[in-house]
Number of protein chains: 2
Amino acid sequence: MKLTQAQVAEFERDGYLFFPGLFTPEEIKVLLDEVPNLYAQARPENIREKGSDAVRTNFAAHMYSRPFARLARHPRMVEPAEQIFGEPVYMHQFKINGKMAFEGDLWQWHQDYGTWKNDDLMPAARAMNVAIFLDAVNEFNGPLMFIPGSHTLGVIDAEHDVTTTSYPLWTITNDTIRKLVERGGIVAPKGPAGSMILFHSCLVHASTANLSPWNRVSVYLSLCAVSNHIRRFKRPEYIAHRDFTPIQCLPDDCLLQDYDVPLPWQDGTPASALQALASA
Amino acid sequence: MKLTQAQVAEFERDGYLFFPGLFTPEEIKVLLDEVPNLYAQARPENIREKGSDAVRTNFAAHMYSRPFARLARHPRMVEPAEQIFGEPVYMHQFKINGKMAFEGDLWQWHQDYGTWKNDDLMPAARAMNVAIFLDAVNEFNGPLMFIPGSHTLGVIDAEHDVTTTSYPLWTITNDTIRKLVERGGIVAPKGPAGSMILFHSCLVHASTANLSPWNRVSVYLSLCAVSNHIRRFKRPEYIAHRDFTPIQCLPDDCLLQDYDVPLPWQDGTPASALQALASA
């Protein structure tokens, strides 16, 4: 998986690249079939929606689920990030966002890197989000919305919103969003299950609630350049990982073949991963 | 404004008709310019969003605002309803829904006639919604979503939801919505300001929150066949009108010319209109 020069230029201009149907239905089935098991578990890694049992986001499945541990080493997701940063990457965050039919709540306008900088002391925006759709995304099930070009402004002032949804988030003010949208508009990539989006960690994004009867489960890998690892361990390790070992990719067929992967949290999350640590 | 036979057949099959750009920008400006004045008033007719000053819906502006009083008599909105029912219509409900930028909350899946039957004892579904867009509607500002064909099932069981938003609503269960969408899908008509939608009072509809910086103000006339007038005055009159006089249309240029219209609530809402009455 190698980006062309045109793709790199597009990424630098718009802040994202969209690859419709990059993974096959067979590959996606391996992942999607595992999601109900993960969401059914009473683990701290499952964050549920406000006033509902539906899972809003599941963290760190690559530490305790075989299919997702393979996905976390997939060259189609990892190599483009290595290419853009020109160095190896490690897994800063791994999540499976539910946005379940009828229950999936909104995500306010935000940048991911704002949180990583403020909470985790990640030195620079040399980390990349890679999303894959486990369900088809359409205009009705709360697609991810981007403001193209907004990544070029770096970290934008944000306010900590701890009330709107079940998950606290550093969110960008309405006045700023208005200006950014005047400049760049809004786009919402839609496509079949298996589609992939690469997006810059400063790209401003949001998504509405899902009122439709269609789930919109997506996996997000946040891949950080190894030299840019976080400096503070304030958040639990299942949210912001502390192992900066470069990812070693598996072969391209790793979702369909039985490659061995470590599952260190298979029997439970270690106590240390639930706690803040004084220093990195 | 006369519907063709093909349009009538389409309405009967799908439950709605969409007329993009039916009103001109000049006509819409007359209405939109009046909205901030209406929304700024401290009247009981302004229902505000949960936890916000933004107006969710304004009722009965045709009783105290000259431009909207003219709109309420507009042949492009009234004549199609008269044609479909084959008799004169009266104004059952008149509202201007804000769905304001950033603040506009969702409307859950519901049918309007369910409420009119249960609360107002309207005998049959011989009432029609006519919406016009005062702002352009796009995929990002919470467009109205319909389940085509759902009107053919008549009144569907509903539950009274008094918690989700600031406005209590008889809402349809997720299981039913799932079945209806399997059968009819979802559509969301989008278009410029001035577009009009006619939709059946049993058509199941909803809309998501507006996270965009674009307002999505729309006017909804609910026109009821005169012989089908409501039999109970449980709700305030500004929500469910008690005057069954047939609407007399003004000429087609009534938004741009200075036709005289009565404004009986211009100096305030009469006390009787705020109260339930024992009988119709």
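I began with the aromatic rings of this predicted model, where ring pairs link Phe59(A), Trp107(A), Tyr167(A) and Tyr238(A) into a cluster. Rings of Phe, Tyr and Trp (its six-membered ring) pair if their centres lie within 6.5 Å; planes under 30 degrees apart count as stacked, over 60 as edge-to-face and the rest as tilted.

I noted the conventions. Residues are numbered from 1 along each chain as its sequence is written, and chains are lettered from A and ligands numbered from 1 in the order in which they are written. Local features need pLDDT of at least 70 and side-chain atom pairs count only at pLDDT 80 or more, while totals for chains, interfaces and linings use all residues; side-chain values use heavy atoms, with hydrogens and water left out.

I checked confidence: chain A averages a pLDDT (the predictor's confidence in each residue, from 0 to 100) of 96. The complex has an ipTM of 0.91 and a pTM of 0.93.

I searched the whole structure and found 20 aromatic pairs over all chains. One of them joins Phe18(A) and Phe133(A); the ring centres are 6.0 Å apart and the planes at 35°, so the pair is tilted. Phe133(A) is buried (under 20% relative accessible area; exposed is over 50%, partly exposed in between, with a 1.4 Å probe and protein chains only), at 4%. Phe18(A) is partly exposed, at 24%.

I then looked at Phe59(B) and Tyr167(B), whose ring centres lie 6.0 Å apart with planes at 40°, so this pair is tilted. Phe59(B) and Tyr167(B) are both buried.
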